[in-house]
Amino acid sequence: MTPSPYWHGAPPPGAPGPGPAPYYGMSPHRGRPTASFGRRLSARMVDYTVISMAVILFFILVSFLAEASLRGGELADRYFDAWALLFFFGTGPVMFLHDWLCNAARGRTLGKAALGIRVVRRDGGPLRQGQSAGRAAIFGLPQALPCLGQLFTLIDCMSALADADTGQSLHDRAAGTVVVRG
């Protein structure tokens, strides 16, 4: 037997190699490719738009009911103070509830459904209640803190760009979830 000139173990030129190299976007999650950052961002924008519209309609409805209940009297300053607190601190709990309930029930929010993406466990299975609640809490509840909450959410979401293989954000890593197409 003659010794091979390829002492480092590489196959000779032209011989088949170990197989194709993995590329960005494929995942071991039942063969579904991971969702791109652009799709995830677009889905989140749809969610914010829908939630903002619902909150504004709720505000208008409650304002009309409050005005009608006074029968011509003026609304107290406490009424407007309560709405200001809800405006500044209420976004987080609303986002938490929206993400938790939608992802637990169907694996997707309204925005994710519109863009054809869903949240699954790392093994590709549907989310459990605890995973959905934990993922939603890490994403939504910090938004209840003005400025710092939004900064945390920005860092959380941008962390998906640092993970080239699965595109997981911090809330995905903590909950053991992945966002996939399909």
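Me: What does Gly92 touch, not counting residues up to four places away in sequence?

Reply: Gly92 touches Gly140, Leu141, Gln143 and Ala144 once those sequence neighbours are set aside. Contact here means heavy atoms within 4.5 Å.

Me: Before I go on, what sort of model is this, and which cut-offs apply?

Reply: It is a predicted model, in which local features need pLDDT of at least 70 and side-chain atom pairs count only at pLDDT 80 or more, while totals for chains, interfaces and linings use all residues. Residues are numbered from 1 along each chain as its sequence is written, and side-chain values use heavy atoms, with hydrogens and water left out.

Me: Back to Gly92. Where is it, and is it buried or exposed?

Reply: Gly92 is in helix H3; helices (H or I, at least four residues) and strands (E, at least two) are DSSP runs numbered from the N terminus. Its relative accessible area is 0%, so it counts as buried. The classes are buried under 20% relative accessible area, exposed over 50% and partly exposed in between, with a 1.4 Å probe and protein chains only.

Me: Gly140 was one of the Gly92 contacts. What does Gly140 itself touch?

Reply: Gly140 touches Gly92, Met95 and Phe96, again not counting residues up to four places away in sequence. Gly140 is in helix H5 and is buried, at 0% relative accessibility. Its C-alpha atom is 8.0 Å from that of Thr153, 13 residues away along the chain.

Me: What is the overall order of elements in the chain?

Reply: From the N terminus they run α-α-α-α-β-α-α-α-β, which is seven helices and two strands. Of the 182 residues, 34% are buried. Among contacts with a separation of 6 or more, 70% are between residues 24 or more positions apart.

Me: Pockets next. What is the volume of the largest pocket, and which residues lie nearest its centre?

Reply: The volume is about 430 Å³. There are 13 lining residues, and Val55, Ile56, Leu86, Phe87 and Thr91 lie nearest the centre. Helices H1 (37-70), H2 (77-89) and H3 (91-106) each give two or more residues to that lining, with the largest share, seven residues, from H1.

Me: How is a pocket defined?

Reply: On a 1 Å grid over the protein atoms alone, a cavity is a set of points where a 1.4 Å probe fits but cannot get out, and a pocket is an open set with protein on both sides within 12 Å along at least five of seven lines; lining residues have an atom within 4 Å of a point. Grid points are joined across faces, edges and corners, and the volume is the space filled by probe spheres set on the points.

Me: How do the lining residues of the largest pocket divide by type?

Reply: They divide into 10 nonpolar, three polar and no charged. Nonpolar covers Ala, Val, Leu, Ile, Met, Phe, Trp, Tyr, Cys and Pro, charged covers Asp, Glu, Lys and Arg, and the others, Gly among them, are polar.

Me: And how do those of the second largest pocket divide?

Reply: Into 12 nonpolar, four polar and four charged. That pocket has a volume of about 280 Å³ and is lined by 20 residues, of which Arg40, Leu41, Arg44, Phe139 and Cys157 lie nearest its centre. H1, H5 (129-140) and H6 (148-158) each give two or more residues to the lining, and H1 has the largest share with seven.

Me: Where does the charged end of Arg44 sit?

Reply: Over the ring of Phe139, 3.8 Å from the ring centre. The rule asks for NZ of Lys or CZ of Arg within 6 Å of the ring centre and within 35 degrees of the ring normal.

Me: Different topic. Which loop holds Cys147, and what is its phi?

Reply: Cys147 is in the loop between H5 and H6, with a positive phi of about 70° although it is not a glycine. Most residues other than glycine have a negative phi. Cys147 is exposed, at 63% relative accessible area.

Me: Last one, Arg118. Where is it?

Reply: Arg118 is in strand S1, residues 117-121, and is partly exposed at 23%. Beyond four places in sequence, its contacts include Arg32, Arg108 and Val179. The C-alpha atoms of Arg118 and Arg108 are separated by 4.8 Å.
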